[in-house]
Amino acid sequence: AAIGITAAFEGSGYGAYNNYDSGIISYGIIQFTLDAGSLVTIVNNYLARSNSQTAQELKAYQPRIQTRDATLRDDKNLKRILLAAANEPEMQQVQDELAIANYWDRTINNYILPRAYKYPLTYALLFDVSVNFGVGDGFVRMAEKDLGVASNSKPEVSGVSEEQIIARVVELRKISHDKQA
């Protein structure tokens with residue numbers, strides 16, 4: 001559900017595509033980017049699994065994707081190929097797997113479980129924060145500091161509820177988005 005919520009804000013599913021932001025090309029369910037290298041991983045994993053005609057066409061681009069070639073931003077043929085690949089189960093599987101391994105699992109293990117958070121919307125919010133701001137608990141640590149609790153505090157120990165911490169995380173995230181806007 002968390003991936004679905006984040007994906008709804010990121011675009012149109014496995015075939016979501018944009019080439020107008022700093023990621024050079026942002027593609028897929030949670031907008032894996034060429035600039036950050038996550039698109040490289042998606043393409044490599046897909047090509048390792050698929051022998052389709054689309055995969056064969058994408059192989060020609062693999063060296064340029066590996067080097068994060070910024071001139072790919074306006075390559076309409078690459079866009080066509082990636083959009084076609086989005087319909088294949090292999091591409092959908094690699095996108096799901098990378099979203100889980102690089103964002104979901106790391107979010108859960110690094111800053112939800114240590115704090116013993118329990119609410120599903122907390123999980124979804126912090127997953128989305130990881131996707132959009134990088135995996136790390138910066139907003140949570142700032143909220144803990146603002147509310148006067150030690151970092152990695154469990155709500156039942158600190159006396160500050162999960163709801164209070166997460167409400168402050170939301171406020172801090174809004175402030176960040178407002179500054180970006």
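Reader: Which residues are buried in H8?

Author: Welcome! This is a predicted model, in which local features need pLDDT of at least 70, side-chain atom pairs count only at pLDDT 80 or more, and totals for chains, interfaces and linings use all residues. Residues are numbered from 1 along each chain as its sequence is written, and side-chain values use heavy atoms, with hydrogens and water left out. Buried means under 20% relative accessible area, exposed over 50%, and partly exposed in between (1.4 Å probe, protein chains only). In H8, the buried residues are Phe139, Val140, Ala143 and Glu144.

Reader: Within what arc do the buried residues of H8 fall, seen down the axis?

Author: The arc is that of the directions from the helix axis to the C-beta atoms. The buried residues of H8 line one face of the helix, because seen down its axis they fall within an arc of 140°.

Reader: What covers the buried residues of H8?

Author: Helices (H or I, at least four residues) and strands (E, at least two) are DSSP runs, numbered from the N terminus. Contact means heavy atoms within 4.5 Å. The cover over the buried residues of H8 includes H6, H7 and helix H10 (162–180).

Reader: At roughly what angle do the axes of H8 and H10 cross?

Author: Axes are lines fitted to C-alpha atoms, for helices over the stretch in contact, and angles run from 0 to 180 degrees between N-to-C directions. Phe139, Val140, Met142, Ala143, Glu144 and Asp146 in H8 meet Ile165, Arg168, Val169, Leu172, Arg173 and Ser176 in H10. The axes of H8 and H10 come within 8 Å, and they cross at roughly 115°.

Reader: Is the crossing of H8 and H10 left-handed or right-handed?

Author: A crossing is left-handed if the near helix is turned anticlockwise from the far one by less than a right angle, and right-handed if clockwise. Where H8 passes H10, the crossing is right-handed.

Reader: Which residues is Ser151 in contact with, leaving aside its neighbours within four places in sequence?

Author: Ser151 sits in the loop between helix H8 (138–146) and helix H9 (155–158). Its relative accessibility is 44%, so Ser151 counts as partly exposed. Ser151 and Val140 are 11 residues apart in sequence, with 8.3 Å between their C-alpha atoms. Neighbours within four places aside, Ser151 is in contact with Arg115, Arg141 and Glu144.

Reader: How do H1 and H7 lie: parallel or oblique to each other?

Author: Ala2, Ile3, Ile5, Thr6 and Glu10 in H1 meet Ala124, Phe127, Asp128, Val131 and Asn132 in H7. The axes of helix H1 (residues 2–10) and helix H7 (residues 120–133) come within 9 Å and cross at roughly 45°. Angles under 35 degrees count as roughly parallel, over 145 as roughly antiparallel, 65 to 115 as roughly perpendicular and the rest as oblique. H1 and H7 are therefore oblique.

Reader: What do the buried residues of H5 pack against?

Author: Leu78, Ile81, Leu82 and Ala85 are buried in helix H5 (residues 76–85). Seen down the axis of H5, these residues fall within an arc of 95°, so they line one face of the helix. Their packing partners are strand E1 (17–18), strand E2 (26–27), helix H2 (38–49), helix H3 (53–59), helix H4 (62–66) and helix H6 (89–112).

Reader: Is Asn18 buried or exposed?

Author: Asn18 has its place in strand E1. A polar contact of 3.5 Å joins its side chain to that of Asp21, where a polar contact is a pair of N or O atoms within 3.5 Å; within protein, one must be able to donate a hydrogen and the other to accept it, and residues adjacent in sequence count only if both atoms are side-chain atoms. The side chain of Asn18 also reaches the backbone nitrogen of Tyr20 at 3.3 Å. At 7% relative accessibility, Asn18 counts as buried.

Reader: What relative accessibility does Gln95 have?

Author: Gln95 is found in helix H6. Leaving aside neighbours within four places in sequence, Gln95 is in contact with Tyr14, Tyr27, Gly28, Ile29, Phe32 and Ile42. Gln95 counts as buried, because its relative accessibility is 0%.

Reader: How many helices and strands are in the chain?

Author: Along the sequence, the pattern reads α-β-β-β-α-α-α-α-α-α-α-α-α. Buried residues make up 45% of the 181 residues in the chain. The chain has three strands and 10 helices.
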